[in-house]
Amino acid sequence: MEDRIQEAERIVKKMEKETELSKIEELIKDNKISFEHNDKKYRTRLLNLAEKEELDMLRRKKFGQLIKDKDIFFEKDLIIQYKEKGIDIEKEIDAKIKIITAEEFDLQIKLGEVISKNESETILKNYKEKIEQLRLQRNILSTQKILLLTYSLECALESFVYQIITYLSSEVQTENGWVKVFKSLEDFQKCEDEKLICKLGSYAVLLQQL
Amino acid sequence: MNIYSLLRNLAKSIRAQNIFVASKEMSGIHIFKNTINFSRVQEFYLSWLYSYDMIMRDIIVDKISEKVLTDELYEDSYLLWRRENKYKEENKSQDNKKDLYLVSGKTINFPKRM
């Protein structure tokens, strides 16, 4: 009986894996991603040349606005300001990340070598644990840096670019075929359906070559 | 599991690998509906199809065991070591070749047979 249960569990797991894989296949079958939301069919697609030019134009315009804003600083200027307040990003974060990355690289090369020599699982796991610990440390440091530089000009511009990409690449299926979800950038920014924006945004970013 | 891990799993599936190998050998077989303008995820997937193809070939010729496919970190590390090793070997063979280079335009006077 126990064997049958185990076998059933194995089959269910295999089926789940295959369903997951066929779902993921949908994301790559072409350069568009479709999904349903509130009984409507939406899709995001790779931007065409005209849209890429529009993206560039809007990005330049936004950059011009941001650079004039005295309350927004470039990352390098923010780093100097933090240093004056006793937070040395270059020394306390960047330098540590560099050391950890080099250590991780060395360990990965060693792990690769022991794999090529068909060493035991215990040795592989030992390397794996060490690398994972380093990755965790590096992720913590990277997150700290991201949080410290959230209000930089670069971050503001990046967030704006993601908005533009989502606005330009989102379409909804109608009787007349696929049409733009948002008539304008203002229309997109006023949209209150956060779930829809989130889905469109995450798929749009997966597709675009930034 | 995140989307990138799922894409890697798909790229290492036997079906995906078969299609990949067939697409390299037969011009009528395409991996995606679009044959140009690849999206970022499509390029990511393609790069992993290539990487898993390399790993599978090494497994087939018994260079490594299938154990490498049990963990993404094992796969990454093996590919990294493989690349570094290949780079080192290429450099080494370039160094060895240095002595054999002939200078164009120069006449070599081989010793005459007695």
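These are my notebook entries on chain B and the place where chain A touches it.

**Ground rules.** I am working with a predicted model, where local features need pLDDT of at least 70, side-chain atom pairs count only at pLDDT 80 or more, and totals for chains, interfaces and linings use all residues. Residues are numbered from 1 along each chain as its sequence is written, while chains are lettered from A and ligands numbered from 1 in the order in which they are written.

**Chain B overall.** I looked up the helices and strands (DSSP runs: H or I of at least four residues for helices, E of at least two for strands, numbered from the N terminus). Chain B has four helices and zero strands, and its pattern along the sequence reads α-α-α-α. I also checked burial (20 or more other C-beta atoms within 10 Å of a residue's own, placed from the backbone). Buried residues account for 18% of the 114 residues in chain B.

**H2 against H3 in chain B.** Helix H2(B), residues 14-25, packs on helix H3(B), residues 40-60, at about 100°, with the axes 10 Å apart. The axes are lines fitted to C-alpha atoms over the stretch in contact, and angles run from 0 to 180 degrees between N-to-C directions. The two helices are therefore roughly perpendicular (65 to 115 degrees). From H2(B), Ala16(B), Gln17(B) and Phe20(B) meet Leu49(B), Tyr52(B), Asp53(B) and Met56(B) of H3(B).

**Chain A meets chain B.** I count a contact when two C-beta atoms, placed from the backbone, lie within 7 Å. By that rule, 26 residues of chain A are in contact with 30 residues of chain B. On the chain A side, H4(A) gives the most, with seven residues.

Technical notes:
Parallel < 35°, antiparallel > 145°, perpendicular 65-115°, else oblique. Buried ≥ 20, exposed ≤ 12 C-beta atoms within 10 Å, placed from the backbone.
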